[in-house]
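Please walk me through this structure.

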Amino acid sequence: MNFAHAKIHPPVPRQGQLLARPALEARLRDALPAHRAVLVCAPAGYGKTALLVRALAPPPPGHGLAWVSLDPGDDLLRLLECLLAALEPFDPPWRVSPEGLVATAQRGDARGRQQAVDDLVNALDACELERGVIVLDDLHHLDDEAASHFLARLIERLGPRWTLVLAAREEPAALLARVAAAGELARIRESDLQFTADEVQAWFAAHGLDAETARTLHARTAGWAAGLRLAVSGARGGGAAIDRAAFDFLATEVLAHLDADLRAFLLDTSVLHELDATRCAALTGDARAPRWLDEIERRGLFASLVDEATGTLRLHDLFREALQHRLQVERPDDRLALLQRAARLEDDPLRRQSLLLAASCFEEAARSLLPTGTQLNVRGAAPTTLRLVEAFPAAFAAASAEVQHTAGVAKLSLWRMHEAERHFVQAESLYAARGNVAAAQTMAARRAQIMVPLGRLQECAAILESLGTAPLIEIEARLIAATARMWLHLDRGESRAVAPAFEELLRQMQACRTVGEWSIIPPPRQTACPGMAEPLLRWATGAIAVTGDEPAPLRALAQVALAWRAVWLGQPQRAAELLESATGDARWGGHEVILHSHAIALRAVLALLRGDTAEALRQARVRIEEHPAGYGDWGLWHVLYLAARIAASAGDASALRGWLQRLLALQATLPEASPQRLRPVAGLQGALADLEGRGDDALAHWHDVLAHEEAADLYGQSGEVRVRLASMQLRAGAREDAAALLRPLLQRADDGPRGAVFAGAALATLARADWSGQLDDAEQTVLRAWAAALARPEAAAVAPAATTAPPAATERLTARELEVLALIARGQSNKLIARALDLSLHTVKRHVANTLGKLGVASRGQAAAWYHAQQPPIQG
């Protein structure tokens, strides 16, 4: 989470800098336990931040304060990154990783935001604090509808020990409507923040000013804190009142009385969000930066100390804006150069973009956008990428290859395929016009990739053929082109070419070290292709290794791919274990929705293999109902096809008939629906005929499958058909013909039974038969091993296991989790545990979540109590 850490530190109160207002501070503190939210609302310069700092920082023992200062352009992503980092000192017992919570909230739908809020509230409730306060300062900078929805739900769901305090220039009425109606909102308004005459008298007396001057300035400022601060700084001016325009005037007067070098330093550094000596010196070239920062703080020039260790200051928005105005008026050319230099010093990519755009450095901003957008997309933050795209002037964006490239990748990750295609076409043309052959190739590869899910295979093939006339320069182009070629084989029904194409993709990946480069996920139907078992294992192993302990969706998706591999190898128990592990990883990483679309089909097949046909059919129906529109009609065709295969295996003729009818009706509207691509339907027609007692029709359809075996081998259907036909031949006494049907399947033992898992009962019958003289010993061994692996346990055998007591908690915890628990019981924080066990902080958080889940407790304190209650106590 790369942002300026000053954003999560409250300003440090300095003696004499902030006027004590004990009555107002007490009113604010008293409002906290009785209200879900407190709103401090007034125009700029009324001392909102100063009030919060004096009233809340530092918090009393046993209390917690999480502070977030918002900047212009901040959105839901930046809000959550800062908020979760601000909460870290309290060691919330996360049950979903902080990164996963952000990913869930960023999904772009209300359900995701609701889930993220609930996960956050649960973690807050389990914190070991008497009370907690979350401060969002300068809320008016948060111009993001998704963030507003998130905060509205957060306020409604907050537990009784937490209060949200908001400081803003305008009241966010829609955000607070419900909590206000329920009487759970406390307000401190402009009139409350205005200084009284007595307060001004006391403050000015402390600065050596007489009572008459205090009365005069109180009248002129109407108790406005910013005007009073200027007056104390030495400004004098006419007029009956001080408003925003007068502030600019008086600020100019303050500047006029400063040392010329200090004034120049202030104008130069006004382009920075925070001022620290190193950054200011690099920006201005002035080695006296530490001296000037001390002088700014000593004079009380509208600056707050936000990091005492580094001496970092933050200028008040009003003063900073006044300085920027003077810089623009006096030195417009210098202003642009300073903004550009500030951008190059900025580590926060979102702030860097903002500075470059303010400097009108659109080309540099576009070049910077490309890697930033790629990072955001991998983290599931494509909506933030699109906000960055929209910040460019429309005319420039339309003519920028980098902006079009970034927008295309973001929309591709959101499955907005048609829009993504338009962006890639434009980017390719713009790159080509610039003579950037490498980037133009990459955009062409992207277009080829998109053609497959859109069902436009001829266009995909034409693009790939064009790309094949010259070596591809960029690794991204080579990876995407190899992926598109593999998908093209898959969708054309060239199932035997899929594994070799995947091998070529893996060869390209060997030099890749990033999660993004390895995030090319084999769809379930690819995992069933012949020859996929070994390369799929290598891909998943590499994907998990490159992910490390990062909570990226790749880890869970790799485990789902391995689970599919286990299914086709005839290992349903292993597949179930892998799916459970993947589900846990997805839950921790906040990627359940991404996993759901990949895993629901697997759940249906596993239910079928364990004999729970009702659950298998239910999952198949859910998958059809939840099919995303962005996946297109061919995507729906494949979903219906697998559902029909499950219905056929379950022996449900009615469900099979209904889904087969929908499948056939859909074919009339499919793009490029060639006979080759539709061959798998014959297997379903044969299954329906068999269930309806039309044996001759079944034979005809199934022989048609074997006549076009490669094209019809969707989800390993040829293996299932061979087993069913062999079973029919065996019943007819034709053992030799039955053996001939089985032999090609058994001779590819490394692939496992593949689609024959859908014919488990027939496989068991064949395994019990006498194959002497027809199948050799090795073939018979393979056949019996497959049948045994797929055999469903008898109900009587299962019943005793159901009454077995679950293992004790100490047996469920791993050795590492026991070590973590022992350190929790000693009161150690996550950081100390990480140091003691030489683990990453992320890994420790995951172990804590697993431990709390296995113990069935909500908080670290409850886990510690459980540990100490053991007799004898567990040795850590």
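Leaving aside neighbours within four places in sequence, Arg645 is in contact with Leu684, Leu714, Tyr715, Gly716, Gln717, Glu720, Gly755 and Phe758. Contact here means heavy atoms within 4.5 Å. This is a predicted model, in which local features need pLDDT of at least 70 and side-chain atom pairs count only at pLDDT 80 or more, while totals for chains, interfaces and linings use all residues. Residues are numbered from 1 along each chain as its sequence is written, and side-chain values use heavy atoms, with hydrogens and water left out.

Arg645 lies in helix H35, residues 632-650. Helices (H or I, at least four residues) are DSSP runs, numbered from the N terminus. Arg645 has a relative accessible area of 2%, so it is buried. Buried means under 20% relative accessible area, with a 1.4 Å probe and protein chains only. The side chain of Arg645 reaches the backbone oxygen of Leu714 at 2.8 Å.

Arg645 also lies over the face of Phe758, at 4.5 Å from the ring centre. For such a placement, NZ of Lys or CZ of Arg must be within 6 Å of the ring centre and within 35 degrees of the ring normal. Arg677 lies over the face of Trp634, at 3.8 Å from the ring centre.

Now to the rings themselves. The structure holds 10 aromatic pairs. Rings of Phe, Tyr and Trp (its six-membered ring) pair if their centres lie within 6.5 Å; planes under 30 degrees apart count as stacked, over 60 as edge-to-face and the rest as tilted. Trp568 and Phe758 form a tilted pair, 6.3 Å centre to centre, with 45 degrees between the planes. This pair links distant parts of the chain, 190 residues apart: Trp568 is in helix H31 (residues 553-568), and Phe758 is in the loop between helix H42 (735-746) and helix H43 (760-768). Both Trp568 and Phe758 are buried.

Tyr641 and Tyr715 form a stacked pair, 6.3 Å centre to centre, with 15 degrees between the planes. Tyr641 is in helix H35, and Tyr715 is in the loop between helix H40 (709-712) and helix H41 (717-731), 74 residues apart. Tyr641 counts as buried because its relative accessibility is 0%. Trp564, Trp568, Trp634, Trp637, Tyr641, Tyr715 and Phe758 form one aromatic cluster.

How far can the model be read? The chain has a mean pLDDT of 90, and 94% of its residues reach 70 or more. pLDDT is the predictor's confidence in each residue, from 0 to 100. Over residues 795-805, pLDDT stays under 50. Where pLDDT is low, the predicted coordinates should not be read in detail.

Conventions: Helices (H or I, at least four residues) and strands (E, at least two) are DSSP runs, numbered from the N terminus. Buried means under 20% relative accessible area, exposed over 50%, partly exposed in between (1.4 Å probe, protein chains only). A polar contact is a pair of N or O atoms within 3.5 Å; within protein, one must be able to donate a hydrogen and the other to accept it, and residues adjacent in sequence count only if both atoms are side-chain atoms.
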